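Please look over the sequence and the model below before reading on.

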Amino acid sequence: MQAQLSLPARRGRDFTTLFWVAIAVVLVILILNPIFYLFKESFTAQGDAGGWTLMNYVEAFSNPLYYSPIVATLWISLSVGVISLVVGAALAWCVSRTDIPMASMIRNLILASFVTPPFLGAIAWIFLAGPREGWLNDIYRFVAFAGGESYLFNIFSLGGVVFAISLYTFPLVFIVVMAALNNVSSDIEDAANIAGGGTFSTMLNITLPLVLPALFAGFIMAVLEAMILFGTPAILAIPARMHVMTTQLRAFMASEDNLVGLASAYSMPMLVVAVWLIYSRGRVLGKRGFATLGGKGGQRRPQKLGAWRYPVFVLCLIPLVCAVMLPYISLLLTSFMRTLGGGLTWGNMTFANYVFMWNNDAVWSSLGNTLVLAVVSATAAAGLAGVIAYISQRRIVWGHQYMSFLATLPIAIPGIVLAVGLFAAYTKKPFVLYGTLWIMFFAYLTKYLPLAFQTSNAALMSVHPELEECSRILGANRIRVFRDVTIPLFKVGLVASWILVFMPSLRELSASVLLWTTNTKVISVVIIDLYEENLLGPISALGVVLLLITLVAILAGFRLAGRDFMKA
């Protein structure tokens with residue numbers, strides 16, 4: 001009895017609650033501050049007069065010049081969603097449910113497509129399908145004896161934009177549908193086969209209907225990704241004299257006039273639609289339980305394709321060749337070429353593009369900024385997400401459930417819309433951060449915090465609270481318990497969240513393109529600048545370096561967090 005009474009006195013007063021509250025305050029400021037200023041600027045009159053007004057909305061949605069970007073965005077997003085759904089679902093079914101050869105190779109190629117920066121893929125397809133000097137068009141003109149102005153493919157078109165975006169969006173559908181298919185037992189498929197159903201009829205009538213929620217969720221994710229993407233439309237659509245909403249937003253922000261309010265109003269539909277899509281995805285995935293048949297005891301036996309086994313394998317390779325093999329090869333070869341039109345001749349080969357990159361101070365500065373931002377953002381996101389997951393799961397403070405919501409909220413905020421909000425928030429006193437790496441750090445941290453939180457939250461679920469209570473009984477406060485007990489137990493999840501934030505931070509473009517200044521350029525912005533100067537060789541060399549850094553990050557993830565870390 002005496003020992004029990006002495007424990008509270010020995011433990012002393014616990015002030016760690018202040019730390020948890022401080023984390024909550026940081027989270028609120030980080031997430032809600034740019035959203036607040038985005039709304040505020042959308043209703044603020046431009047110029048010195050200031051004051052509340054609706055004219056930003058009137059101008060944004062009554063000017064005929066701004067109609068076409070909205071229509072183009074809608075058309076591109078829906079088209080990409082449909083194509084990604086068909087390709088991603090078909091590949092997921094082939095890999096998960098059939099005896100297709102080399103399924104692991106297909107999965108790895110899809111992973112490569114998933115981590116490839118879409119703007120690099122778009123640039124690579126200029127080398128392949130440009131109407132004048134594209135290699136595929138050169139082959140067509142040679143085979144068909146066509147004139148020099150003839151071409152078979154034109155990547156600078158609305159169809160070309162849809163094609164290029166779809167190549168790097170269908171992996172989203174593949175991941176979601178693959179996870180759902182892996183939870184479906186083969187028993188019902190076997191019953192359909194016994195009843196006389198063939199492999200493909202069973203797929204269409206039995207298997208895919210069982211994963212309809214996952215199919216719809218994948219479609220939503222593909223539509224959202226196509227809607228918020230900036231790089232590919234900027235590279236392919238603008239030369240074709242087309243704008244989408246993201247490129248139009250950049251045009252507003254790049255104007256010499258103060259059009260922040262107009263940009264804020266113009267971004268509102270994108271924000272509302274993104275939030276609605278994410279909400280719909282959550283509701284749909286919440287109903288996916290009916291697709292699981294047989295529980296853990298259910299077995300998955302591959303459907304026999306018979307004579308179709310290798311033809312289906314070849315069909316599966318087509319999107320992967322277009323998304324990975326051809327772009328990677330074209331980037332690598334172009335990085336060693338003097339001119340794109342010079343062809344693959346010995347006289348046209350050179351190391352000048354890499355020498356240019358090596359001797360260019362702007363490249364080194366941007367590379368340093370990129371690595372600093374990626375490392376610091378990943379570290380901050382992993383640390384903050386780990387603490388928030390701990391607070392949320394252990395219910396340490398009042399309102400812990402709202403912290404979980406806020407940590408997930410940025411997934412519904414398009415990067416370029418977030419950048420407009422950050423610009424509005426941090427170009428005014430007392431926090432003038434524009435022109436520094438701090439504002440870009442806040443953009444990266446906010447944008448990728450949901451990814452780190454979901455990974456850390458899933459990993460923390462495997463740590464039982466009783467393991468922490470032992471230390472609490474011995475007198476340790478919660479911060480010490482979290483540091484000495486909890487973190488070592490789910491450190492793999494923290495490492496996975498770090499890498500999963502580090503990789504996209506290397507290639508982040510949609511927010512960076514609005515927030516950079518001369519001293520805060522990153523690699524993705526430099527690539528866009530070089531593209532606008534038509535320096536295709538140095539772009540290819542930079543692209544190869546960026547892909548190599550990404551590959552090293554993936555291999556480190558496999559080494560430190562296991563082969564399944566990307567599933568998060």
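## Cysteines

Cys-316 counts as buried, because its relative accessibility is 4%, where buried means under 20% relative accessible area, exposed over 50% and partly exposed in between, with a 1.4 Å probe and protein chains only. Cys-322 counts as buried as well, because its relative accessibility is 16%.

A search of the whole structure finds zero disulfides, a disulfide being a pair of cysteine sulfur atoms within 2.5 Å. Cys-316 is accordingly in no disulfide, and the nearest cysteine sulfur, that of Cys-94, lies 3.7 Å away.

## Basis of the model

This is a predicted model, in which local features need pLDDT of at least 70 and side-chain atom pairs count only at pLDDT 80 or more, while totals for chains, interfaces and linings use all residues. Residues are numbered from 1 along each chain as its sequence is written, and side-chain values use heavy atoms, with hydrogens and water left out.

## The chain as a whole

The secondary structure of the chain comes to 27 helices and two strands, which are DSSP runs numbered from the N terminus (helices: H or I, at least four residues; strands: E, at least two). Of the 568 residues of the chain, 53% count as buried.

Among contacts (heavy atoms within 4.5 Å) between residues at least 6 apart in sequence, 77% join residues at least 24 apart. The accessible surface, computed by the Shrake-Rupley method with a 1.4 Å probe, comes to about 26500 Å², and 67% of this area belongs to carbon and sulfur atoms.

## Two loop residues with positive phi

Arg-241, which is not a glycine, has a positive phi of about 60°, and its place is in the loop between α13 and α14 (245-254). With a relative accessibility of 82%, Arg-241 counts as exposed.

Asn-534, also not a glycine, has a positive phi of about 65° and is found in the loop between α26 and α27. Its relative accessible area is 56%, so Asn-534 is exposed.

## The second largest pocket

At least two lining residues come from each of α13 (231-236), α26 (523-532) and α27 (536-561).

By class, this lining has 14 nonpolar, seven polar and six charged residues.

Key:
Nonpolar A, V, L, I, M, F, W, Y, C, P; charged D, E, K, R; others polar.
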